[in-house]
Amino acid sequence: MLKERTPQEVYNSLSRDGAYEESGCDLDEIIKIKTMTLQDYEYGRILRKTSDQNWRVIFNINYDVVRELCDVLMRFKKQKSSNHQGVFAFIVINFPDLDLEWKFFETLRTIRNNNKYRGTDISKETWKHVELQIDLCIKAIKEAIEKKLKSLS
């Protein structure tokens, strides 16, 4: 079994490997991406209430919303990465005031990777285990983005 790495270890390793790139901080682009991402989130919330939920689809929508909002937050530091673990490590390290849990990001990423790369389906129980914390995480990141946008406008 692999030793769990800390966000700092992940960040340092990916920094050495060139996984972080410089990014612009185009406010119009940030606002558009944030708006579309939050529309996806609202659609995912509607799907949670349907009579024939597909928990895999619901989880993946919400995972993508978390990751995309983290990508947006990174832009305020003029950084980007296509590596999901790297994105989450960057957020935990650079935005400690959000008090987001590294272990939670790793849980989400593991569920997603097991689904995408190993064919493990996502059950209602798995979804219910992370649902509240996903909602709280999305709320915190969304508020941080809005605060940054307000301070720059």
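The following questions and answers concern a predicted model of a protein.

Guide: In this predicted model, local features need pLDDT of at least 70 and side-chain atom pairs count only at pLDDT 80 or more, while totals for chains, interfaces and linings use all residues. Residues are numbered from 1 along each chain as its sequence is written, and side-chain values use heavy atoms, with hydrogens and water left out.

Visitor: Which pattern does the protein follow along the sequence?

Guide: Helices (H or I, at least four residues) and strands (E, at least two) are DSSP runs, numbered from the N terminus. The protein has six helices and two strands. Read along the sequence, their pattern is α-β-α-α-β-α-α-α.

Visitor: What percentage of the residues of the protein count as buried?

Guide: Buried means under 20% relative accessible area, exposed over 50%, and partly exposed in between (1.4 Å probe, protein chains only). Of the 153 residues, the share that counts as buried is 45%.

Visitor: Is Lys 78 buried or partly exposed?

Guide: Lys 78 lies in the loop between helix H3 (55-75) and strand S2 (79-80). Its phi is positive, about 60°, although Lys 78 is not a glycine. Most residues other than glycine have a negative phi. Because the relative accessibility of Lys 78 is 44%, this residue counts as partly exposed.

Visitor: Is Asp 99 buried or exposed?

Guide: Asp 99 is in the loop between helix H4 (84-94) and helix H5 (102-118). Asp 99, a residue other than glycine, has a positive phi near 55°. Since its relative accessibility is 65%, Asp 99 counts as exposed.
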